[in-house]
Amino acid sequence: MSAPEHLLEIHRHDGSGYQPLVDFEAWRVAILNFSEDLLPENLTRMQRHNETDEVFVLLEGSCLLFVGEGADCVTRIHGEWLQPGRIYNVRQAVWHTHALSADAKVLVVENRATTYENSPFTPLSTDQHRELLTMAAAFRKDAPLP
């Protein structure tokens, strides 16, 4: 299962040395670790960043990234299993959320001007939440989430 390219860029660098892969204004780098609200059953909404892209890099554990199509609300959800060492760029204004395993550590790179004021949330419908749980269950066969 793979998300469409117009929603999600996937980058990697296998050669030696330094290679820029994604550049976008003034970035913030953070670490995202497991918390209870990131269990699949607790994911009830998605967020988007209206002014910037956001990059995720799996460092440890397991992470299932969900991206959603739609303008004012999510109309379709795609799941992407993050592979260690690859760069996943969620494009500007794309709805997203993620489920993490208890041992997960994800590097996050975003514009430092990213705030709740320019990053709205939208609720998932009951059917969308059920679809997300189904996708998470399928991925759990490959890499168990808690």
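This is a predicted model: local features need pLDDT of at least 70, side-chain atom pairs count only at pLDDT 80 or more; totals for chains, interfaces and linings use all residues.
**Entry 1. Overall composition**

I began with the secondary structure. I found one helix and ten strands in the protein. Reading from the N terminus, I noted the order β-β-β-β-β-β-β-β-β-β-α, with the helix α1 spanning residues 126–140. I then looked up burial for the chain of 146 residues, of which 45% count as buried. I also looked up how far apart in sequence the contacting residues lie. Among contacts with a separation of 6 or more, 84% join residues 24 or more positions apart.

**Entry 2. Salt bridges**

How many salt bridges does a search of the whole structure find? I recorded three. As background, side chains of opposite charge can pair when their charged atoms come close.

I took the pair Arg91 and Glu9 to begin with; their side chains meet in a salt bridge with an N to O distance of 3.6 Å. I placed Arg91 in the loop between β7 (87–90) and β8 (95–100) and Glu9 in strand β1 (residues 8–11), so this pair ties together parts that are 82 residues apart in sequence. For Arg91 I noted a relative accessible area of 29%, which makes the residue partly exposed.

I turned next to Arg28 and Glu110, which form a salt bridge whose closest N and O atoms are 3.1 Å apart. Arg28 belongs to strand β2 (residues 27–33) and Glu110 to strand β9 (residues 105–111); the pair therefore ties together parts that are 82 residues apart in sequence. I compared the accessibility of the two partners. Arg28 is partly exposed at 30% relative accessibility, whereas Glu110 is buried at 12%.

I then examined Arg130 and Asp127, whose side chains form a salt bridge at 2.7 Å, N to O. Both residues lie in helix α1, three residues apart, so about one helical turn separates them. Arg130 has a relative accessible area of 47% and is partly exposed. Asp127, at 52%, is exposed, because the limit for that class is over 50%.

**Entry 3. The largest pocket**

I looked up the volume of the largest pocket and noted about 640 Å³ of space. Its lining consists of 26 residues, and those nearest the centre are Leu32, Gln47, His98, Tyr116 and Phe121. Which elements give two or more residues to this lining? I listed β2, β3, β4 (54–60), β8 and β9. The largest share comes from β2, with four residues. By residue class, I recorded ten nonpolar, eleven polar and five charged residues in the lining.

**Entry 4. Gln47**

Gln47 sits in strand β3 (residues 45–47). Is Gln47 buried or exposed? I found 15% relative accessibility, so Gln47 counts as buried. The side chain of Gln47 reaches the backbone oxygen of Ser119 at 3.1 Å. Leaving aside neighbours within four places in sequence, I listed the contacts of Gln47 as Val94, Trp95, His96, Tyr116, Ser119, Pro120 and Phe121.

**Entry 5. Phe121**

Phe121 is in strand β10 (residues 121–123). With 32% relative accessibility, Phe121 counts as partly exposed. I noted contacts of Phe121 with Arg45, Met46, Gln47, Trp95 and Tyr116, not counting residues up to four places away in sequence. For Phe121 and Trp95, which are 26 residues apart along the chain, I recorded a C-alpha separation of 8.2 Å.

**Entry 6. Backbone at Ala93**

I closed with a backbone angle. Most residues other than glycine have a negative phi. Ala93, however, has a positive phi, near 70 degrees. Ala93 is partly exposed, at 31% relative accessibility.

Key:
Residues are numbered from 1 along each chain as its sequence is written. Side-chain values use heavy atoms; hydrogens and water are left out. A salt bridge is a side-chain nitrogen of Lys or Arg within 4 Å of a carboxyl oxygen of Asp or Glu. Buried means under 20% relative accessible area, exposed over 50%, partly exposed in between (1.4 Å probe, protein chains only). A polar contact is a pair of N or O atoms within 3.5 Å; within protein, one must be able to donate a hydrogen and the other to accept it, and residues adjacent in sequence count only if both atoms are side-chain atoms. Contact means heavy atoms within 4.5 Å. On a 1 Å grid over the protein atoms alone, a cavity is a set of points where a 1.4 Å probe fits but cannot get out, and a pocket is an open set with protein on both sides within 12 Å along at least five of seven lines; lining residues have an atom within 4 Å of a point. Grid points are joined across faces, edges and corners, and a volume is the space filled by probe spheres set on the points. Ala, Val, Leu, Ile, Met, Phe, Trp, Tyr, Cys and Pro count as nonpolar, Asp, Glu, Lys and Arg as charged, and the others, Gly among them, as polar.
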